[in-house]
Amino acid sequence: RSRAELWQAIEALAGAGTAIVLTTQYLEEADRLADEIVMIDRGIAVASGTPGQLKKDLEQEVLEIHVDGPEAVARAVAVIGETREVAADPGQRLVRVKADQGARGSLATLRMLEDAGIEIADFQLRSPTLDDVFLTLTDPNAVQVPR
């Protein structure tokens, strides 16, 4: 409750024209509040711009797929991993895939899982977040999808 109240106070100050310098690792809060963001990795500024500019530069949607259990996560990673980069969180029963072709590619991915007999509990195609941007900028060899 106190955190929410603090953010309301900060938003009110910003809305009234007060300049605020904020250091945070919670990028969803920075996305909501900041006019300008500087991302720093290991003491070096790696990107700056408005939240919209930073996310637009990434130009990557993410398909998040919830499956029935940890075993299904492993099977989904094996199936999808044959053709695409994939990341997984077995504890959350979650598989994440870069959706390079938007809805069309996402539909093909979901059909691959269905054809392999993997039960899909839920899915969501979503736009990139500032977490995606930061992960992409700081580890370009990894599958860059949010938590």
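Which residues of helix 3 (residues 51-58) are buried?

## Helix 3

Pro51, Leu54, Lys55 and Leu58 are the buried ones. Buried means under 20% relative accessible area, exposed over 50%, and partly exposed in between, with a 1.4 Å probe and protein chains only. Seen down the axis of helix 3, these buried residues fall within an arc of 90°, so they line one face. The arc is taken from the directions from the helix axis to the C-beta atoms. The face turned away from the buried side carries exposed Lys56 and Asp57.

The cover over the buried residues includes helix 2 (27-33), strand 1 (37-41), strand 2 (44-49) and helix 6 (130-138). Helices (H or I, at least four residues) and strands (E, at least two) are DSSP runs, numbered from the N terminus.

## Model basis

This is a predicted model: local features need pLDDT of at least 70, side-chain atom pairs count only at pLDDT 80 or more, and totals for chains, interfaces and linings use all residues. Residues are numbered from 1 along each chain as its sequence is written, and side-chain values use heavy atoms, leaving out hydrogens and water.

## Ile65

Ile65 lies in strand 3 (residues 61-67). Ile65 is buried, at 0% relative accessible area. Its contacts (heavy atoms within 4.5 Å) include Ile80, Leu94, Leu110 and Phe123. Ile65 and Leu94 are 29 residues apart in sequence, yet 5.6 Å apart in space, C-alpha to C-alpha.

## Positive phi

Most residues other than glycine have a negative phi. Arg42 has a positive phi, near 55°. Arg42 sits in the loop between strand 1 and strand 2 and is exposed at 75% relative accessibility.

Arg93 also has a positive phi, near 55°. Arg93 is in the loop between strand 4 (86-89) and strand 5 (94-99). Arg93 is partly exposed, at 33%.

Notes: Lists of a residue's contacts leave out its neighbours within four places in sequence.
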